[in-house]
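Subject: Handover of a structure

Dear colleague,

I am passing the structure below to you for your files. My notes on what was found in it follow directly after it.

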Amino acid sequence: MNNKICMITGAGGGIGSAITEALFSCGCRLVLMGRNEEKLKKVAAGRECLILPGDICNDDYIKKAVEKTVQTYGGIDVLINNAGVAQSKPFEEISMEEYDMIMNTNARAPFFLCKTALPYLQKSSCGTIINIASVTAHHGYALQSVYAASKHALLGFSKALSKEYYQKGVRVHVISPGAVFTDMVKVSRPDLTGEGMLLPEDIAETVLYLMKMRHSASVADEIELHRGTKEPFM
Ligand SMILES: NC(=O)c1ccc[n+]([C@@H]2O[C@H](COP(=O)([O-])OP(=O)(O)OC[C@H]3O[C@@H](n4cnc5c(N)ncnc54)[C@H](OP(=O)(O)O)[C@@H]3O)[C@@H](O)[C@H]2O)c1
């Protein structure tokens with residue numbers, strides 16, 4: 001884990017900041033991505049890392065972020081596509097603009113970040129992509145139609161990508177959590193109180209687990225996490 005070069009999107013958010021903290025504690029060299037520079041600086045808390053503020057829906061930002069990472073650290077070992085936006089709105093009220101914004105953030109941007117970073121991930125001895133999907137990558141919930149579509153898309157392309165690249169040395173994993181106690185779930189599921197919810201640190205631990213298993217012969221393609229109070233295997 002020490003010195004591994006990891007790019008993480010949405011590093012200033014609830015889950016992203018927990019993943020960032022966990023990776024800092026393992027001695028990784030981090031690239032923190034997100035629109036809000038202040039949030040990224042707060043998470044970095046003066047520690048050495050690359051802070052690249054920008055919008056992942058902007059293709060030029062994706063290209064420059066990869067270039068800057070390689071210029072600064074000499075390569076990329078791990079890409080964590082964590083940034084995302086949620087939605088809680090009746091189907092008939094969703095505009096084309098909202099559809100595009102959610103699909104672009106949750107599916108298109110990770111797709112092209114993977115594509116842009118892959119030449120460098122392939123050169124790494126432990127090239128790894130971890131895409132943070134959601135339980136909605138498997139299920140449809142009322143009021144979350146675009147969010148579900150975007151996470152199904154993220155899971156779908158991750159499956160295809162993993163098959164194209166596992167023999168070329170790059171592993172692609174998906175983590176699909178249920179409700180995690182962050183600002184996002186307060187918007188997407190205002191009915192939940194926080195009681196018994198997953199914590200951002202649970203997702204961070206799962207990221208560490210996947211990274212630590214990188215040189216093992218066994219692979220976990222996808223890890224689904226749900227609240228302990230929910231019925232298992234649903
Ligand atoms: N919370 C849950 O219940 C839950 C459950 C399952 C899966 N997830 C997934 O986990 C991931 C993290 O969610 P979270 O709960 O930590 O939410 P969060 O606290 O709202 O964080 C989301 C992050 O995404 C970044 N982001 C959004 N749009 C962006 C854009 N266009 N360009 C760059 N960065 C952008 C935001 O950064 P800025 O504000 O700086 O732009 C923010 O830091 C998401 O993919 C989400 O779908 C969450």
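The sheet in this predicted model is open and consists of 7 strands, with parallel pairing and the order β3-β2-β1-β4-β5-β6-β7. Two strands count as paired if DSSP finds at least two bridges between them. Strands (E, at least two residues) and helices (H or I, at least four) are DSSP runs, numbered from the N terminus. At the edges stand β3 (50–53) and β7 (222–225); each has a single partner strand, so one side of each is left without a neighbour in the sheet. On average, neighbouring strands are turned by 15° against each other, direction ignored. Axes here are lines fitted to C-alpha atoms, for helices over the stretch in contact, and angles run from 0 to 180 degrees between N-to-C directions.

Two notes on conventions are needed. Residues are numbered from 1 along each chain as its sequence is written. As this is a predicted model, local features need pLDDT of at least 70 and side-chain atom pairs count only at pLDDT 80 or more, while totals for chains, interfaces and linings use all residues.

Strand β2 (residues 29–34) pairs with β3 in the parallel sense over 4 bridges, and Met33 stands opposite Leu52 in β3. Helix α2 (residues 37–44) packs on the sheet and touches β2 and β3; its direction makes about 160° with that of β3. Contact between two residues means that their C-beta atoms, placed from the backbone, lie within 7 Å.

Strand β1 runs parallel to β2, joined to it by 5 bridges, and Thr9 stands opposite Met33 in β2. In β1 (residues 5–9), 5 of the 5 residues are buried, so the strand is largely enclosed by the rest of the structure. A residue is buried if 20 or more other C-beta atoms lie within 10 Å of its own, exposed if 12 or fewer, and partly exposed in between, with C-beta atoms placed from the backbone. In a regular strand, side chains alternate between the two faces of the sheet. In β1, Ile5, Met7 and Thr9 point one way, and Cys6 and Ile8 the other way.

The largest nonpolar core has 53 residues, of which Cys6, Ile8, Ile19, Leu32, Leu79 and Ala117 touch the most other members. Such a core is a set of buried Ala, Val, Leu, Ile, Met, Phe, Trp, Tyr and Cys residues joined through C-beta atoms within 7 Å. Helix α4 (residues 96–123) supplies the largest share of this core, 8 residues. Leaving aside neighbours within four places in sequence, Ala117 is in contact with Met7, Val66, Ile76 and Leu79. There is also a second, separate core of 5 residues, which includes Ile102, Val146, Tyr147 and Ala148.

Helix α4 also holds Tyr120. This residue is buried, with 20 other C-beta atoms within 10 Å. Not counting residues up to four places away in sequence, Tyr120 touches Val70, Gly75 and Ile76. Tyr120 and Asp77 are 43 residues apart in sequence and 7.6 Å apart in space, C-alpha to C-alpha.

Around the ligand there are 29 residues, and Gly10, Gly13, Gly34, Arg35 and Gly84 come nearest. A residue is near a molecule or strand if its C-beta atom, placed from the backbone, lies within 6 Å of it. The shell has 12 nonpolar, 13 polar and 4 charged residues. In this count Ala, Val, Leu, Ile, Met, Phe, Trp, Tyr, Cys and Pro are nonpolar, Asp, Glu, Lys and Arg are charged, and the others, Gly among them, are polar. Helices α1 (14–25) and α6 (183–188) each supply at least two residues of the shell.

Val185 lies in helix α6. With 19 other C-beta atoms within 10 Å, Val185 is partly exposed. Thr206, found in helix α7 (residues 200–212), has 21 C-beta neighbours inside 10 Å and counts as buried. Not counting residues up to four places away in sequence, Thr206 touches Ile175, Ile223 and Leu225.

Lastly, there are two backbone details. Leu143, in the loop between β5 (128–132) and α5 (145–165), has a positive phi of about 75° although it is not a glycine. Phe233, in the segment after β7, is likewise not a glycine and has a positive phi of about 50°.

Yours sincerely
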